[in-house]
Amino acid sequence: MSATIIRGGRVLDVTADRAEPSDVLVDDGIIRDIGRPGMAAPEGAAVLDARDRLLIPGLVNAHTHSQGALARGLPGDRVPLEILLTTGAAIGGSRALEDKYLSAQLSAIEMIRKGCTACYDLFAEYPGPTVDGMYAVARAYSDVGMRAVLAPMMADRTLYQALPGLLDAIPGPERQRVEALRMSPYEASVAVCRDVLRGWPVDRARVRPALGPTIPMHCSDDFLRACRDLAREYDVPLQTHLAESRGQAVLGRKKYGKTLTAHLGDLGLLGPHFSGAHGVWLDADDIRRLADAGAGVAHNPTSNLRLGNGVAATRLMLDGGLRVGVGTDSASSSDTQNMFEALRWASYLSRIGTPDYRRWLTAAEAFTMATAGSAGVLGMDGQIGRLAPGYRADIVFLDLTRPDYVPLNDVLLQLVFTESGASVDSVMIDGRLVLDRGRLLTVDEEKVRAAAEAAAARLRGANAGAVAAARALEEYVGAFCVGLAREPYQVARVLSLDA
Ligand SMILES: [Zn+2]
């Protein structure tokens, strides 16, 4: 790849809250130099004009699910997590390999168009992961040109086996039906993972594999230990949904006699390669445990609101030295994979926990969490998430002529508190321009759109019976979870004024 010089853009300096016109030299996918306008460039370097553009590091989505894109809008309106899980497998069922590839393409296109250049994807297949499915999704990211960490989202227990007491809350024939449901045995999933890791089909610098035992209670301890060992053996990251809902926290304590985090700690899963998604229902000891292990959390503020899970204690996580990134969750669990919204909500939500405004997350903290913080969660600390020499050239060009930036009084505040993604003009990933002034260069979007409409229509038909059967269970699962609200549970909260 030859060199590119990006001329005249304003390069965001988060720490100084400034964006001075600068030139950026990119070579072989890496930012080599950032200097004054007119900076010398190697002969033959391609020139990109970035006047009236704000250059920011690509946002990094620390938690999503690519299978969600084809299922946009399907889960329903007032849907708490456990009801989402009741219908998840039915909605995501019947997919051919091309559907899995297509959903990941759609998901990646959405993220790129909203200024996100890398994601941590916990991709689910039903009833269990396959080598072909994982490779299809890896190729989808590679073809669209997006960076990703891709983990198979796996469980060896159904929702009804996972949540203690849930089966008893389901009457008669419905109960017999769900009792008969089975997930893939964990040994089969582990064998698939081993094959996936061995023969990884695309450039690991851009799309790399990871492991995703989905939710602790949905995985047997043997399964979790096997994932732990495999992650160590192949030196790959591991992510799980951690204490996402209040129900999970209450039932986890009931099941294990300790918190979910303590349980994972005792199984030896916590470490620098580990991240927990959501982490809404962590107590102070959990936060310390995760921090001591060098682990990370993917904070998903918009998803946590959409599913009614609550507000994570991000200030306490940062105080505790925890690595915190920002994620959106999938297009079918929290609707929009808009990292600009997610990072804004990360800052806003910190403001309802305490009247002590000195404890609120600043715009700089929220932006840093959604870039460098998420990079750490992806295991790419020091490689992505900043615009600086030596970092990979993942650069988003924002149009400064749009109303949000006129007049440009405070670049960081205007970026964090007003940007909707509508100003995303061009996107470079790994030194390659994938979005050029609103036009996607890597795949034919019109073709993708047509394929998506056709696939969605076919899948809605194929899954109609299974979805209806799953919907019949929602009221029981819902009532069971509402009942759990009576059980007290103490979490870490920034509630009172500090001394
Ligand atoms: Zn999730």
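Donors are taken as N, O and S atoms within 2.8 Å of the metal (3.2 Å for Na, K and Ca), and sites may look incomplete because water is not among the atoms. The structure is a predicted model, in which local features need pLDDT of at least 70 and side-chain atom pairs count only at pLDDT 80 or more, whereas totals for chains, interfaces and linings use all residues. Residues are numbered from 1 along each chain as its sequence is written, and side-chain values use heavy atoms, with hydrogens and water left out.

Along the chain, the donors of the zinc ion are spaced as H-x1-H-x175-H-x87-D. The protein donors are His 63 (NE2), His 65 (NE2), His 241 (NE2) and Asp 329 (OD), at 2.1 to 2.6 Å from the zinc ion. The angles among the four donor atoms run from 83 to 175°, and the site is irregular. Four donors count as tetrahedral if all angles lie between 85 and 135 degrees; four count as square planar and six as octahedral if opposite donors are over 155 degrees apart and all others between 65 and 115, and anything else is irregular. Distant parts of the chain are linked by the pair His 65 and Asp 329, which are 264 residues apart. His 65 is in the loop between β6 (59-64) and α1 (81-91), and Asp 329 in the loop between β14 (323-326) and α13 (339-349). Helices (H or I, at least four residues) and strands (E, at least two) are DSSP runs, numbered from the N terminus.

Buried means under 20% relative accessible area, exposed over 50%, and partly exposed in between (1.4 Å probe, protein chains only). Asp 329 also has a positive phi, near 70°, although it is a residue other than glycine. Asp 52, in the loop between β4 (46-49) and β5, is not a glycine either and has a positive phi of about 60°. The relative accessibility of Asp 52 is 49%, so it counts as partly exposed. Most residues other than glycine have a negative phi, and most peptide bonds are trans. A cis peptide bond joins Tyr 126 and Pro 127, with omega about 5°; Pro 127 lies in the loop between β7 (116-124) and α3. Another cis peptide bond joins Val 406 and Pro 407, with omega about 0°, and Pro 407 is found in the loop between β15 and α15.

Helix packing was examined for two pairs. Helix α1 packs with helix α16 (residues 445-484) at an angle of about 165°, the axes being 8 Å apart. Axes are lines fitted to C-alpha atoms, for helices over the stretch in contact, and angles run from 0 to 180 degrees between N-to-C directions. The helices α1 and α16 are therefore roughly antiparallel to each other, where angles under 35 degrees count as roughly parallel, over 145 as roughly antiparallel, 65 to 115 as roughly perpendicular and the rest as oblique. Their crossing is right-handed. A crossing is left-handed if the near helix is turned anticlockwise from the far one by less than a right angle, and right-handed if clockwise. Residues of α1 that meet α16 include Glu 82, Ile 83 and Thr 86, and those of α16 include Asn 463, Ala 466 and Val 467, contact meaning heavy atoms within 4.5 Å.

In the second pair, the axes of α14 and α15 come within 9 Å and cross at roughly 65°, and the crossing is left-handed. The contact is made by Ala 363, Ala 364 and Phe 367 of α14 with Leu 412, Leu 413, Leu 415, Val 416 and Phe 417 of α15. In helix α15 (residues 411-418), the buried residues are Val 411, Leu 412, Gln 414, Leu 415 and Val 416. Their cover includes β1 (4-13), β2 (18-27), β5 (53-57), α13, α14 (363-377) and β15 (395-399). Thr 418, also found in helix α15, is partly exposed, with a relative accessible area of 30%. Leaving aside neighbours within four places in sequence, Thr 418 is in contact with Arg 344, Asp 404 and Leu 413.
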